[in-house]
Amino acid sequence: MTNPSLSQQEMTYLLAAWSEGDRSALDKLAPLVDAELHYLARRYLKRERSDHTLQTTALVNEAYLRLIDQRDVRWQNRAHFFAIAAQMMRRILIDHARKRASAKGGGAGKLSLEEAAVLSDERAAELIALEEALKSLAEIDERKSRIVELRFFGGLSVEEIASVIGVSPDTITREWRRAKAWLHREIQKD
């Protein structure tokens with residue numbers, strides 16, 4: 001997911017400058033991260049039908065607006081930035097799914113973690129069910145919930161997640177496996 005024209009050090013520098021209020025850093029950063037934000041958005045939306053009402057550019061634009069509105073964030077590095085971006089996109093899609101479900105009078109159904117990868121517009125309620133399971137996991141183990149969010153929704157590598165969370169890659173791998181198993185059990189409950 002890394003932009004070859006932007007080194008990790010350059011991006012970290014620009015993110016730090018932006019955090020300090022340097023508006024020109026944001027102006028330099030925006031076009032450089034655009035391709036990666038589009039990559040994340042396409043990753044989310046490829047699970048949807050081609051005629052999904054929320055398109056890639058709209059998702060990127062909404063996430064970008066929310067990102068630049070973050071005033072109190074102290075960006076650590078590229079992985080931290082894209083972890084937050086992934087979280088923003090996930091929230092936008094959940095909001096979109098909730099609006100569709102309420103407009104159709106539907107309730108939240110259940111789906112497995114594997115099924116979430118092939119969501120269609122009609123399965124908005126199922127996305128909400130996955131969101132609820134993640135919330136339950138967060139109440140029990142915040143770190144595992146965050147790992148799922150970063151890995152499954154954000155597409156970050158094990159190493160990137162380890163960097164964001166501040167633990168070893170082996171810990172991330174182990175907790176990712178446990179989180180998937182817990183979510184599978186939770187979603188399969190009646």
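**View 1. Helix α7 meets helix α8.** V158, E159, I161, A162 and I165 of α7 contact P169, I172 and T173 of α8 (contact: heavy atoms within 4.5 Å). By class, these contact residues are six nonpolar, one polar and one charged (nonpolar: Ala, Val, Leu, Ile, Met, Phe, Trp, Tyr, Cys and Pro; charged: Asp, Glu, Lys and Arg; polar: the others, Gly among them). Helices are DSSP runs of H or I, at least four residues, numbered from the N terminus. This is a predicted model: local features need pLDDT of at least 70, side-chain atom pairs count only at pLDDT 80 or more, and totals for chains, interfaces and linings use all residues. Residues are numbered from 1 along each chain as its sequence is written, and side-chain values use heavy atoms, with hydrogens and water left out.

**View 2. The α7 and α8 axes.** The axes of α7 (residues 158-165) and α8 (residues 169-188) come within 8 Å and cross at roughly 105°. Axes are lines fitted to C-alpha atoms over the stretch in contact, with angles from 0 to 180 degrees between N-to-C directions. The two helices are therefore roughly perpendicular to each other (65 to 115 degrees).

**View 3. Confidence along the chain.** pLDDT is the predictor's confidence in each residue, from 0 to 100. The chain averages 75, and 76% of the residues score at least 70. Confidence is lowest in α4, at a mean of 75, and highest in α8, at 92. Over residues 106-122, pLDDT stays under 50. For this stretch the model has 49 contacts beyond four places in sequence.

Methods:
Parallel < 35°, antiparallel > 145°, perpendicular 65-115°, else oblique.
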